[in-house]
Amino acid sequence: MTVTVADLLTKTGEELDALFAAAPRGDIPDGETKGTAIIAAGTSYSDEVAKLVELFAWQGKVFDAEHGFLRNYILPFGIKAIVAKVYYGQSWMDQKDCIVIDYSETSLVAARVRDEIRLVAPGLFLGKVYWGDKALIHFALEV
């Protein structure tokens, strides 16, 4: 059975972590991706929170795989901002391969943020967001 964004929005944080742990790294995406924030994992209002985040804050990422960086689509107008380096590395969660999205050298606003993504279904990545070394939320990226 293929996992969808709708499926991810129904899972608890622990279920998302288990799915992330079982997933292969995948290849760094190239081009535009549609993002979905999974902030209230496992709650009945996870979908509504994701829609609010998409409307007012974050819509996804635009990857440049060849040069190893990305920009986020943010704010209601989808401005391309907040640059990050993208590379293969070890996950802080389980030390297995993942795709690292590293803001430490490219953004004053997000310098303490690190994202990690893995491919959970064809064209669908599941991500974890860290603030410093603390895991905060999950997100999905549709290629």
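1. In strand β8 (residues 134-142), Leu141 is the bridge partner of Gly35. Five bridges join β8 to strand β1 (residues 31-38), and the two run antiparallel. Strands, like helices, are DSSP runs numbered from the N terminus (strands E, at least two residues; helices H or I, at least four). Two strands are taken as paired if DSSP finds at least two bridges between them.

2. The model is predicted: local features need pLDDT of at least 70, side-chain atom pairs count only at pLDDT 80 or more, and totals for chains, interfaces and linings use all residues. Residues are numbered from 1 along each chain as its sequence is written, and side-chain values use heavy atoms, with hydrogens and water left out.

3. Strand β1 is also joined to strand β2 (residues 58-64), by four bridges and in antiparallel fashion. Within this pairing, Glu32 stands opposite Val62 of β2.

4. Eight strands close into a barrel in the order β1-β2-β3-β4-β5-β6-β7-β8, with antiparallel pairing. Neighbouring strands of this sheet are turned by 35° against each other on average, direction ignored. The axes are lines fitted to C-alpha atoms, for helices over the stretch in contact, and angles run from 0 to 180 degrees between N-to-C directions.

5. The count of salt bridges comes to seven, where a salt bridge is a side-chain nitrogen of Lys or Arg within 4 Å of a carboxyl oxygen of Asp or Glu. One of them joins Asp47 to Lys51, with the closest N and O atoms 3.0 Å apart. These two residues are four apart in helix α3 (residues 46-56), so about one helical turn separates them. Asp47 is partly exposed at 30% relative accessible area, whereas Lys51 is exposed at 51%. The classes are buried under 20% relative accessible area, exposed over 50%, and partly exposed in between (1.4 Å probe, protein chains only).

6. Lys85 forms a salt bridge with Glu105, the closest N and O atoms being 2.6 Å apart. This pair links distant parts of the chain, 20 residues apart: Lys85 belongs to strand β4 (residues 79-90), and Glu105 to the loop between β5 (97-102) and β6 (113-121). Lys85 is partly exposed, with 34% relative accessible area; Glu105 is exposed, at 60%.

7. Asp94 and Arg118 meet through their side chains in a salt bridge of 2.7 Å, N to O. Here too distant parts of the chain are linked, 24 residues apart, with Asp94 in the loop between β4 and β5 and Arg118 in strand β6. Asp94 counts as buried at 18% relative accessibility, and Arg118 counts as buried at 0%.

8. Asn72 is found in strand β3 (residues 69-74) and is buried, with a relative accessible area of 4%. Its side chain makes a polar contact of 2.9 Å with the side chain of Trp58. A polar contact is a pair of N or O atoms within 3.5 Å; within protein, one must be able to donate a hydrogen and the other to accept it, and residues adjacent in sequence count only if both atoms are side-chain atoms.
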